[in-house]
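Biologist: I am new to this structure and would like to learn how to read it. Could we take it feature by feature?

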Amino acid sequence: MTFSIVARCPQSGQFAVAVSSSSPSVAARCGFARAGVGAVTTQNVTDPRLGPWALDLLEAGASATEARDIIVRNCTFPHYRQMSLIDREGRTAVYTGSKALGLSTDLCGVNIASTGNLLASKCVVEAIVRSFEQSEKSKELGARVIVAMKAGLAAGGEAGPVRSAGLQVVAQEAWPLADLRVDWDEAPITKLEELWTIWQPQMHDYVTRCLNPEVAPSYGVPGDE
């Protein structure tokens with residue numbers, strides 16, 4: 001009941017993962033990213049344990065393909081699982097088990113992979129990948145990923161309406177640069193884009209406030225003039 005994207009920006013070193021589904025709170029279960037390591041989705045009949053496991057393998061030096069193969073060989077009920085992975089070199093891997101729900105497919109591109117199940121059309125993941133590859137590479141990675149997810153939705157999205165969506169972006173620090181979630185809404189990807197529009201102009205300032213408060217800009221709120 002999900003379509004998703006994992007992506008990397010070779011210029012900034014950022015990784016991003018975005019996911020949308022008809023079920024609530026999809027980002028809490030399905031999207032995982034780690035700075036300097038990679039990004040992973042685990043979906044379909046979701047096993048959230050696969051996300052941290054895949055990132056640990058990538059951090060230990062496995063490629064995206066190697067990490068996927070290790071997990072498929074050793075996880076429980078692999079035929080029910082669907083995954084996408086991207087590693088620190090931008091290499092990608094995908095997996096769709098034989099018991100994936102409904103119309104299920106996956107596709108790898110340049111610094112991007114997309115997977116989906118219970119889709120309205122196989123064009124959905126292709127639209128996500130092509131949109132990302134054709135987007136302006138000077139833009140923030142999060143913005144490019146949201147545009148790609150909107151392209152997937154426009155290509156049909158899920159067979160039914162989506163209700164939740166999430167975006168996580170990691171950069172140099174151990175914590176996410178962005179971690180935005182819409183857990184239940186009539187138009188979650190649109191709402192996610194609205195949240196990104198609010199957060200993006202100030203997200204780097206919050207990193208500066210952590211690393212060096214003496215040079216950080218003010219918060220611009222009453223009482224902090």
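Modeller: Start with Phe77. Buried means under 20% relative accessible area, exposed over 50%, and partly exposed in between, with a 1.4 Å probe and protein chains only. Phe77 counts as exposed because its relative accessibility is 57%. The model is predicted, so local features need pLDDT of at least 70 and side-chain atom pairs pLDDT 80 or more, while totals for chains, interfaces and linings use all residues. Residues are numbered from 1 along each chain as its sequence is written, and side-chain values use heavy atoms, with hydrogens and water left out.

Biologist: Where does Phe77 lie?

Modeller: Helices (H or I, at least four residues) and strands (E, at least two) are DSSP runs, numbered from the N terminus. Phe77 is in the loop between helix H3 (64–74) and strand S5 (81–87).

Biologist: Which residues make the nonpolar surface patch?

Modeller: Patch members have over 30% relative accessible area and no salt bridge; nonpolar side chains (Val, Leu, Ile, Met, Phe, Trp, Tyr) are joined within 5 Å, like charges within 9 Å. A salt bridge is a side-chain nitrogen of Lys or Arg within 4 Å of a carboxyl oxygen of Asp or Glu. Areas come from the Shrake-Rupley method with a 1.4 Å probe, and for residues only the protein chains shown count as cover. Here Met1, Val45, Phe77, Tyr80 and Leu101 form a patch of about 420 Å².

Biologist: What is the strand order in the open sheet of 6 strands?

Modeller: Two strands pair if DSSP finds at least two bridges between them. The order is S7-S8-S1-S2-S9-S10, with antiparallel pairing. Strand S7 (105–109) and strand S10 (178–182) are at the edges with a single partner strand each, so one side of each has no neighbour in the sheet. Within this sheet, strand S1 (residues 2–8) pairs with strand S8 (residues 112–116) over 5 bridges, and Ser4 has Thr115 in S8 as its bridge partner.

Biologist: Is Ser114 buried or exposed?

Modeller: Ser114, found in strand S8, is buried because its relative accessible area is 0%. Its side chain reaches the backbone oxygen of Ser4 at 2.8 Å.

Biologist: Which side chain does the side chain of Ser138 contact?

Modeller: A polar contact is a pair of N or O atoms within 3.5 Å; within protein, one must be able to donate a hydrogen and the other to accept it, and residues adjacent in sequence count only if both atoms are side-chain atoms. The side chain of Ser138 makes such a contact with that of Glu136 (2.7 Å). Ser138 is exposed, at 62% relative accessible area, in the loop between helix H4 (123–134) and helix H5 (141–154).
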